[in-house]
Amino acid sequence: MALTLSHKRCKRLRRVAVLLPLAGALLLSVAGCKQEVQHSPDVWAVVNGKEIKRADVDKYYRTRVNPEGQEPSQEEALSLKLNVLDELINNEILLERAKKLNLEASDGEVEDKFTELKSPYTEDEFQRQLKERNVSVSDLKSDLRRQLSITKLLNREVVAKISITDQDVSEFYNSNKAQFNVAEPQYRIAQIVVTPRKEPQIRNRKNDDATNEAEAQRKVKMLMDRLNSGADFAQLAMDYSEDMNSAATGGDLGYVPESALNQSDPMLKKMVIGMKPGQVSQPLALKEGYRILKLVTRESPGQRNIADPQVQQTIRDTLRNRKEQLLRSAYLAIARDEARVRNYLAEQVVEAAGKLPDAALAAK
């Protein structure tokens with residue numbers, strides 16, 4: 001049986017084969033030496049035989065850079081491209097796992113998600129959004145299929161394995177009692193932010209960004225119409241909020257002490273203090289843009305007991321998030337260890353040692 005041998009050993013065997021009789025040389029199975037597959041220069045990584053090309057990285061890189069902001073240096077641009085490439089490598093590894101477990105999103109699921117993304121816009125507005133991002137409908141559907149597939153994979157392999165016991169809750173509470181001693185009135189606030197300018201980084205689920213005042217006003221009206229029709233505030237925040245720090249958590253800012261409100265815009269403080277728990281505000285026009293607020297709950301000063309439902313939920317959410325992040329990281333580490341990955345861009349950067357490699361020439 002022919003064996004696959006290392007590159008160095010193959011070289012040695014070839015040299016020996018020249019000196020030995022033909023029969024002896026054949027026993028060394030020189031034919032078993034594998035020739036490394038050659039990839040074109042525009043291939044920046046290979047994952048289990050699947051190529052990730054420079055154009056793929058450039059496409060996502062452009063969505064991370066503000067075209068109206070200061071142009072990044074070549075080193076900064078190349079560093080960001082390495083980060084984008086690493087994300088694409090991870091996505092390819094997870095997508096392949098999803099396929100093997102028959103968890104790839106179906107055409108119907110992709111179409112449903114695509115329709116959901118389009119629904120807030122007219123056809124012209126939707127096409128303009130795609131054009132501004134230099135994304136085709138095919139690109140978008142491909143991204144949706146990958147995102148949905150990876151979500152299904154992680155839900156099954158990670159999220160479904162998380163269990164928070166009553167003992168976990170008690171131990172956390174006893175170790176963090178001071179955290180539940182409210183020293184002053186606190187307001188748990190959620191927000192949806194809309195700005196009348198293009199943001200350098202958008203992290204909402206629809207990658208939606210108003211770029212001027214007219215678009216911002218239309219977007220705010222659409223959001224208020226949907227909220228008044230009973231739409232879930234957190235879901236809208238995740239889909240449309242332009243605040244990259246809170247969109248992923250449904251706009252949740254956590255508990256804001258009254259002293260912190262004193263340092264905010266007076267109009268914002270007045271609005272928050274005057275709201276009732278569960279109430280959603282009218283759009284508030286501030287210097288940085290528009291904010292739609294929701295007062296989730298108001299806390300009076302004093303020690304909170306472990307029997308308090310809000311304390312229970314806070315602890316369970318905290319523990320669940322911690323475990324999910326830990327399991328996701330561990331799962332991805334295992335998946336990468338089991339994958340065959342070659343990052344040609346990273347190799348080229350290291351080999352350049354002190355000067356920019358050819359890959360950086362068009363990095364701006």
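In what order do the four strands of the open sheet stand, and is their pairing parallel or antiparallel? The order is β5-β4-β7-β6, and the pairing is antiparallel. The legends below describe close-up views of this predicted model.

**View 1. The open four-stranded sheet and its edges.** The sheet runs β5-β4-β7-β6 with antiparallel pairing. Strands β5 (252–257) and β6 (284–286) stand at the edges; each has a single partner strand, so one side of each lacks a neighbour in the sheet. On average, neighbouring strands are turned by 40° against each other, direction ignored. Helix α10 packs on the sheet and touches β4 and β7, and its direction makes about 45° with that of β4.

**View 2. The pairing of β6 with β7.** Three bridges join β6 and β7 in the antiparallel sense. In one of these pairings, Ala-285 has Tyr-290 of β7 as its bridge partner.

**View 3. The largest nonpolar core.** This core holds 26 residues, and those with the most contacts inside it are Leu-140, Ile-192, Val-194, Leu-223 and Ile-292. Two or more residues each are given by α5 (107–118), α6 (123–132), α7 (137–157), β4 (186–194), α9 (213–228), α10 (233–240) and β7 (289–299). Helix α9 provides the largest share, six residues. Apart from this core lies another, of 15 residues, which includes Val-47, Ala-335, Ala-339 and Leu-345.

**View 4. The surroundings of Leu-223.** Leu-223 is among the residues with the most contacts inside the largest nonpolar core. When neighbours within four places in sequence are left aside, Leu-223 is in contact with Ile-192, Val-194, Leu-236, Tyr-240 and Ile-292.

**View 5. The packing of helices α3 and α4.** Helix α3 (residues 54–64) packs against helix α4 (residues 74–100) at an angle of about 115°, and their axes lie 9 Å apart. The crossing of α3 past α4 is right-handed. From α3, the residues Asp-56, Val-57, Asp-58, Tyr-60, Tyr-61 and Arg-64 meet Ala-77, Leu-80, Lys-81, Val-84, Leu-85, Glu-87 and Leu-88 of α4. By class, this contact comprises eight nonpolar and five charged residues, with no polar ones.

**View 6. The protein chain as a whole.** The chain has 14 helices and nine strands. Of its 364 residues, 36% are buried. Among contacts between residues at least 6 apart in sequence, 70% join residues at least 24 apart.

Methods:
Residues numbered from 1 in each chain as written. Predicted model: local features only at pLDDT ≥ 70, side-chain atom pairs only at ≥ 80, totals over all residues. Heavy atoms only, no water. Core = buried A, V, L, I, M, F, W, Y, C linked by side-chain atoms within 4.5 Å. Buried < 20%, exposed > 50% of the residue type's maximum accessible area, 1.4 Å probe, protein only. Contact = heavy atoms within 4.5 Å. Pairing = 2+ DSSP bridges. Axes fitted to C-alpha atoms, helices over the stretch in contact; angles between N-to-C directions. Left-handed = near helix turned anticlockwise from the far one by under 90°. Nonpolar A, V, L, I, M, F, W, Y, C, P; charged D, E, K, R; others polar.
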